[in-house]
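I opened my notebook today to look up a few things in a protein model. Come along and check each entry against the picture.

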Amino acid sequence: MTYANVIINLKTRQLDKLFTYFIPPQFRGNISSGHRVVVPFGRGGYVDGVVWSTTDRTPDFKVKAIVEKLPDDYALSASQRLIMQLLRRLYMATYQEAYLAVLPSVQKLDKNVQYNVLKTFDDWRAGQQLDPLQLTGYSAQQIAEKVKSGHLQKRLSFDFKHHKKTVEWVVKRYGDLTAALQQVAKRAVKKQRILRHMAYIDALPTTDLCKATRATRRDVLALVEAGFFELKERDWQYQTAHWQVLDKPAVAPPLSAEQEVVKRDFLAIDAPRAALLNGVTGSGKTRLYIELVKRVVASGGQALVLVPEISLTPQLVARFSAQLSAEIGVIHTYIKPADKIAIYQRIKSGDIKIVIGARSAIFAPFNDLALIVIDEEHEYSYKSETIPRYHTVELALALAAKLSIDILLGSATPSIKTNHLVDVGRLKALYLKRAFSGSELSDIQIVDMTALPSGTVLSTPLCDAMKACFEKSEQVILFHNRKGFARMRQCRSCGYVHMCRNCAVPMTVYDGGRQFVCHYCGYREPELAQCPICAERLFDVGIGLEQIAGELQRRFAERTFAVIDADITRSQTRYRAILDDFESGRIDALIGTQVLAKGLDFANVTLVGVLLADQLIHMPDYASTERAYQLLTQVAGRAGRGIVRGRALIQTYQPEHPLFDYVINRDFAGFVKEEKRVRDAVGYPPYVAMFVVKVQSEDELKAYEQGRRIYEFYDKNFIKNDIDAKVYPPLQPYYGKVRQQYRLQIVFKVALRSRAAVLKTLYYGIVKNKYNLIDSTCWVDVDFDG
Ligand code: ADP
Ligand code: ZN
């Protein structure tokens with residue numbers, strides 16, 4: 001092939017197209033789609049790009065030539081190329097956005113100049129290669145003359161700035177450390193900890209091992225000296241599954257009869273298999289994932305396990321690595337770029353067969369992907385809120401169908417959308433109805449708060465239940481979805497609310513009232529006690545986690561509490577230390593936001609409390625009831641995972657809300673049926689498609705005019721082209737201004753048969769701005785759900 005159509009790495013929304021380049025003879029035959037290249041662009045500039053297709057047809061315009069082909073290591077896999085196509089087709093991503101999505105990190109192109117000496121001159125002989133540094137004795141003009149006279153040839157070479165560093169690893173010399181444990185003195189607590197930590201792990205970076213075990217390098221060295229470990233320099237560091245292993249057996253236990261049936265039913269589906277596993281918490285969904293992953297890996301394939309947010313589920317990774325005794329590539333949001341590049345290379349080469357990751361792990365360069373598992377498929381975090389805006393479940397289903405990959409979605413409370421896919425026959429439904437331990441599901445009760453004095457956070461039933469738990473040395477988890485000390489500070493006489501100066505958002509009170517923080521832009525301000533308008537005292541409104549922790553400490557002075565919110569989970573060491581302390585009983589109760597609802601498994605927790613369920617029900621979007629149901633069920637599932645039956649107490653001011661009946665009776669099927677009926681009647685997804693165009697501008701008027709323009713354009717366009725869709729006039733979202741940007745939304749409700757047509761016109765109108773509607777930031781949220 002003589003020509004290549006290339007996606008170039010330039011932000012070119014309006015020029016969102018492929019660029020054609022000539023393939024010079026030296027590259028011919030070894031450039032094909034997926035290869036990455038460097039091409040000239042504009043005046044004297046160079047950019048990297050990826051070959052999308054090749055052709056022998058001579059274009060009818062003048063083209064430039066590809067200057068460099070990057071090493072094959074960098075080439076994109078077939079799954080990545082397909083993902084790029086899907087991102088374009090389903091979510092209107094530009095070529096560049098799709099390209100960047102599948103790269104492990106932002107790679108900066110480095111241009112190197114070299115000179116070949118063609119004819120001998122001065123001290124230089126023909127055939128030598130010179131670095132520009134060697135020619136510092138010559139002026140730029142002199143060099144240019146030497147090039148012109150044929151003495152020198154200028155050569156460009158390109159590579160990505162790559163910071164390879166070596167890292168010291170502790171590598172186990174024997175698989176079994178039992179003997180070592182006996183040999184090391186009991187008093188040597190840190191050494192004991194190291195040995196126990198390494199029980200199911202082959203190797204770890206020294207620094208990580210020290211961090212995890214609170215030991216020093218000296219302790220490690222002593223164990224190396226004793227012959228249990230050796231130290232090795234490795235030229236990259238990657239985060240393998242070196243999470244705390246919590247005394248789990250290293251062999252996966254045999255499947256139960258019920259699990260065996262599900263496995264058989266899954267394998268009986270015609271390939272590529274696609275199924276939804278609806279299984280109550282603790283029924284063995286994860287056990288089945290492990291089984292299916294094992295099967296795929298045994299036959300040489302790769303498996304991808306997606307989890308909502310991996311940093312919240314360290315136990316899951318530990319269990320996979322212990323029971324599969326295979327290397328696992330872990331990809332999550334907080335991974336360092338250098339580590340990610342290393343993992344990507346090893347996934348591409350096939351060294352890593354199992355990847356566990358958050359949503360973006362689907363972009364990894366698989367060559368033999370044979371199974372995708374999506375755990376907790378209903379989780380909101382599967383939807384990306386940044387470019388490219390995609391929905392992982394939808395993307396994975398499309399990828400699996402195209403590449404004949406098996407896919408299994410799992411959840412205790414599958415989303416309405418996924419239930420709908422079962423209805424229309426795209427997924428086969430499989431069920432696990434009982435918790436494996438045989439223990440009964442926790443008993444859920446509603447606590448009516450209306451009768452209590454206002455401002456009460458802990459009802460008597462909840463306090464009594466906690467007390468009873470503590471007396472039996474059992475543990476408690478409490479949920480409250482509000483970080484900080486209080487939601488806002490307000491003046492009771494004039495109604496003034498202390499707002500963020502950048503956002504139309506009340507500032508959250510922190511630090512016992514000494515600080516204000518804006519959750520939207522991070523802006524901080526010191527304490528403010530008096531109303532700036534009428535000088536009256538300001539009051540805190542909406543109790544936050546900090547206050548609750550204080551209140552609990554007063555009531556149960558001899559107990560230990562720990563607060564967990566998203567900020568804490570961001571620090572893996574701190575978060576794991578807290579979980580560790582909770583596991584071992586040094587902490588009696590955890591109080592946290594919904595980050596605590598996910599995947600944690602503590603046998604000694606017998607009571608769970610939801611302090612204010614009302615916060616969940618009245619969010620301003622159509623999916624809020626669904627989400628409230630899921631969260632309450634999940635939360636209740638945190639209790640009673642051991643032998644004792646658990647209890648969940650849900651405090652609310654609307655005890656008669658119909659949602660609670662479904663939750664208490666665990667009538668998920670009933671809930672889904674009713675929710676579907678409502679959505680079908682009112683016209684909400686999945687019965688219609690819903691898109692939202694979001695407009696942002698520093699200038700309020702500009703935002704408004706633009707919103708108006710978009711609305712009017714599409715209103716006419718749909719009628720004119722007979723498209724079955726409705727566009728609604730621009731509206732302010734819940735918070736109309738964030739980070740000094742005014743925001744507007746234009747909602748589109750689209751009949752399913754017109755979905756593709758609407759996506760296409762939105763692509764031309766909003767992405768490419770073909771009709772001159774756009775003059776500030778603007779994007780489309782495809783399949784908006786809140
Ligand atoms: P889920 O993912 O549905 O919450 P898990 O796979 O985590 O369920 O199983 C719940 C608990 O039961 C775990 O502690 C797990 O180790 C145990 N378990 C599940 N299946 C088996 C089995 N076949 N044999 C022994 N233990 C099992
Ligand atoms: Zn702000």
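My entries below cover a ligand site, a pair of helices and some backbone details.

**Ground rules.** I am working with a predicted model, where local features need pLDDT of at least 70 and side-chain atom pairs count only at pLDDT 80 or more, while totals for chains, interfaces and linings use all residues. Residues are numbered from 1 along each chain as its sequence is written, chains are lettered from A and ligands numbered from 1 in the order in which they are written, and side-chain values use heavy atoms, with hydrogens and water left out.

**Entry 1: the ligand.** How many residues surround ligand 1? I found 15, and the closest are Pro-254, Gly-282, Gly-284, Thr-286 and Arg-319. (A residue is near a molecule if one of its heavy atoms lies within 4 Å of it.) By type, this shell divides into 5 nonpolar, 7 polar and 3 charged residues. (Ala, Val, Leu, Ile, Met, Phe, Trp, Tyr, Cys and Pro count as nonpolar, Asp, Glu, Lys and Arg as charged, and the others, Gly among them, as polar.) Helix 9 (residues 285-298) gives the largest share of the shell, 3 residues. (Helices are DSSP runs of H or I with at least four residues, strands are runs of E with at least two, and both are numbered from the N terminus.)

Next I looked up polar contacts, which are pairs of N or O atoms within 3.5 Å. Gln-259 places a polar side-chain atom 2.9 Å from a nitrogen atom of ligand 1. A polar backbone atom of Gly-284 is 2.8 Å from an oxygen atom of the ligand. For Thr-286, a polar side-chain atom lies 2.5 Å from an oxygen atom of ligand 1. Taken alone, ligand 1 exposes 550 Å², and the protein buries 80% of that (areas by the Shrake-Rupley method with a 1.4 Å probe).

**Entry 2: two helices.** At what angle do the axes of helix 1 and helix 12 cross? For helix 1 (residues 78-91) and helix 12 (residues 392-403), I noted roughly 130°, with the axes coming within 10 Å. (Axes are lines fitted to C-alpha atoms over the stretch in contact, and angles run from 0 to 180 degrees between N-to-C directions.) The two helices are therefore oblique to each other. (Under 35 degrees is roughly parallel, over 145 roughly antiparallel, 65 to 115 roughly perpendicular, and the rest oblique.)

**Entry 3: the backbone.** I found a cis peptide bond joining Ala-271 and Pro-272, with omega about -10°. Pro-272 sits in the loop between helix 8 (257-267) and strand 12 (274-279). The bond from Pro-685 to Pro-686 is also cis, with omega near 5°. Finally, Asp-122 has a positive phi of about 40° although it is not a glycine.

Notes:
Polar contact = N/O pair within 3.5 Å; in protein donor to acceptor, adjacent residues only side chain to side chain.
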